[in-house]
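Subject: Structure handover

Hello,

Here is the structure for your records. My notes on it follow below.

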Amino acid sequence: MDFNKLFQLIIAASLINNFVFTRFLGLCIFFGVSKKMETAVGMSITFTAVMVVSAALSWVVFQYIMVPLDITFLKIIVFIGIIAALVQSADTIMKKVSPSLYYKLGIYLALITTNCIILAVPLINAGESYTFIESMAFGLGSGLGFALALVIMASIREKLEVADIPAPFKGMPISFIVAGLIALAFTGFSGLITLYELRAISRWL
Amino acid sequence: MAKETKEKQLVVSVSPHVRDEESIAKIMWSVNFALFPALIASFYYFGPRAMIVTLLSIVSSIGFEYAYQKFVGKKTTINDGSAFLTGLLIGMNLPPQLPFYIPVMGSFVAVVLVKQLFGGLGYNIFNPALVGRAFLLVTWPKLMTTWKEPSAAFVGLDAKTTATPLGILKEEGISKLLEEFGTKNDLYISLLTGHRAGSLGETSAIFLIIGGLYLLYKRYITWHIPVSFVGSVAVIAWIFGGKGALFTGDPLIHLMSGGLMLGAFFMATDYVTCPSIRKGQIIFGIGCGALTMLIRLKGGFPEGVMFAILLMNCFAPLIDRGVKPKLFGEVKAVKK
């Protein structure tokens, strides 16, 4: 196994091509739950876990069912189905097995079903024909990148609560400006690792 | 107006009632003053063009602040020196050969977008001058990286364009750098005095250090951020800066080139955008240093000070949360 490539995949997916700040994906959750630190942390944990599992599961389905049957053109719809089923079953299982965990993280699961990052990752994995481990690493990196974005944003927005922002810009507008400025800062990471990743994402999105 | 004075008379501030001459305006003007030696050196090296660029960014910064505050009906605060400082820092962060609309655009982004929309001085999350420059860099990458060779400026008319020392170091290595500057000592002296290509205010390390020491002496900044920032850059440059083997890098080149001195003393130490707790400030400084060296050695840009400070600005509220001291007797709330 090529650990170097795995490491690069994680760094590239989390920092250099951070989905939120360089591709502007997954913004609905990003702005929706970053108002409070507590919800942001809960969302980050749930999101990263779901991301890794869905990347693995969709890889198995893609490589062992869709490729042999030659139905790869259906991948968008199949992946949506897999993710929805996965999230729904996780929701049900968590409710039965660990109600306390469900109370903490369960509310985020419904939001994750329709997130675009969670669909983008299996699509990129399929398109770049990553191995099973690489797919999971890419999922983990994307999840961590999203978690990082969410936590930074939550800490800034909590600070902005007390700021004297002009009325038309209160709430969402200033959050969008903040997101844009963080994205500007994240351009500093560009060119850090020049590998397949950059090509991959620009080809797929 | 009358209402405001009445409020002022009625409001009693909390103790301790320290009587002191310090005010925002006084600190801001002192920082401006501390930047002057480096500014004058830049005029000497880069000529009247540098003067015009700096002047334009200062005037437009103050102008935008005034116009915005008039427009929304706020009290104008252009006398407190903060808009002047933003403009001055933007000017000092630009290459000298620029079309005149560029500093004005940078000032607009810095003052209106980054400072006033967040509520004015004291509320901005990012350093306005740095965002202004980052905006200009990603918008006009070619113009913003065309450097001019310093000449005894008032005489020489055709400016020769060249790369910055860090750019040469990154693209062609140390041997090429020595070829340009002569011996290693000549290189150090050029870097220290500022006889090199670069943004107009960042080149003369010695004058920036003098300005920084003045601020330290006046206690307007504390040693935590500059020392941890510069120190971590030096250590990382020493360990990883060399070709091949570890511990063979030359920290002095990395310390004196690029915008490190300007960034460490004047921009990372911005009260508003750095953590307010000492321990957090040290983490902030080390983070700035590490990211600077990461970008310089591995990244796509030859210089990383600006992006490093901006990235750490993003993390500053998070650092403050992390190092917040525990209240005496505080226990974690038990959830049922």
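How many residues of chain A are in contact with how many residues of chain B? The model is a predicted one, and in it 30 residues of chain A are in contact with 32 residues of chain B.

Interface between the chains

The area buried between chain A and chain B comes to about 2600 Å². Carbon and sulfur atoms give 76% of that area. The rule finds two salt bridges across the interface of chain A and chain B. One of the two joins Asp164(A) to Lys74(B), with the closest N and O atoms 3.8 Å apart. The search also gives two residue pairs in polar contact across the interface of chain A and chain B, both residues of a pair being at pLDDT 80 or more. On the side of chain A that touches chain B, at least two residues each are supplied by helix H4 (37–69), helix H8 (132–160) and helix H9 (172–186) of chain A.

Domains of chain B

Chain B is divided into domain 1, residues 25–144, and domain 2, residues 163–318. The C-alpha centres of domain 1 of chain B and domain 2 of chain B are 21 Å apart. In contact across the boundary are 35 residues of domain 1 of chain B and 31 residues of domain 2 of chain B. Between them, domain 1 of chain B and domain 2 of chain B bury about 2800 Å², and 74% of this lies on carbon and sulfur atoms. Polar contacts between domain 1 of chain B and domain 2 of chain B number six residue pairs, with both residues at pLDDT 80 or more. Helix H2 (24–46), H3, helix H4 (82–92) and helix H6 (128–139) of chain B are the elements that give two or more residues to the side of domain 1 of chain B that touches domain 2 of chain B. H2(B) gives the most to that side, with 13 residues.

Helix H3 of chain B covers residues 48–72 and holds Ser57(B). Thr54(B) lies in helix H3 of chain B as well. Ser57(B) has a relative accessible area of 0% and is therefore buried. Not counting residues up to four places away in sequence, Ser57(B) touches Gly87(B), Ile90(B), Gly91(B), Pro103(B) and Ser107(B). Thr54(B) has a relative accessible area of 2%, so Thr54(B) is buried. With neighbours within four places in sequence left aside, Thr54(B) is in contact with Leu39(B), Phe43(B), Leu88(B), Gly91(B) and Leu200(B).

Cysteines

A search of the whole structure finds zero disulfides over all chains. Cys274(B) counts as buried because its relative accessibility is 7%. Cys314(B), with a relative accessible area of 0%, is buried.

Regards

Technical notes
Residues are numbered from 1 along each chain as its sequence is written. Chains are lettered from A and ligands numbered from 1 in the order in which they are written. This is a predicted model: local features need pLDDT of at least 70, side-chain atom pairs count only at pLDDT 80 or more; totals for chains, interfaces and linings use all residues. Side-chain values use heavy atoms; hydrogens and water are left out. Helices (H or I, at least four residues) and strands (E, at least two) are DSSP runs, numbered from the N terminus. Buried means under 20% relative accessible area, exposed over 50%, partly exposed in between (1.4 Å probe, protein chains only). Contact means heavy atoms within 4.5 Å. A disulfide is a pair of cysteine sulfur atoms within 2.5 Å. Domain bounds come from an automatic or database domain assignment. Buried area is the accessible area (1.4 Å probe) that two parts lose on being put together, summed over both. A polar contact is a pair of N or O atoms within 3.5 Å; within protein, one must be able to donate a hydrogen and the other to accept it, and residues adjacent in sequence count only if both atoms are side-chain atoms. A salt bridge is a side-chain nitrogen of Lys or Arg within 4 Å of a carboxyl oxygen of Asp or Glu.
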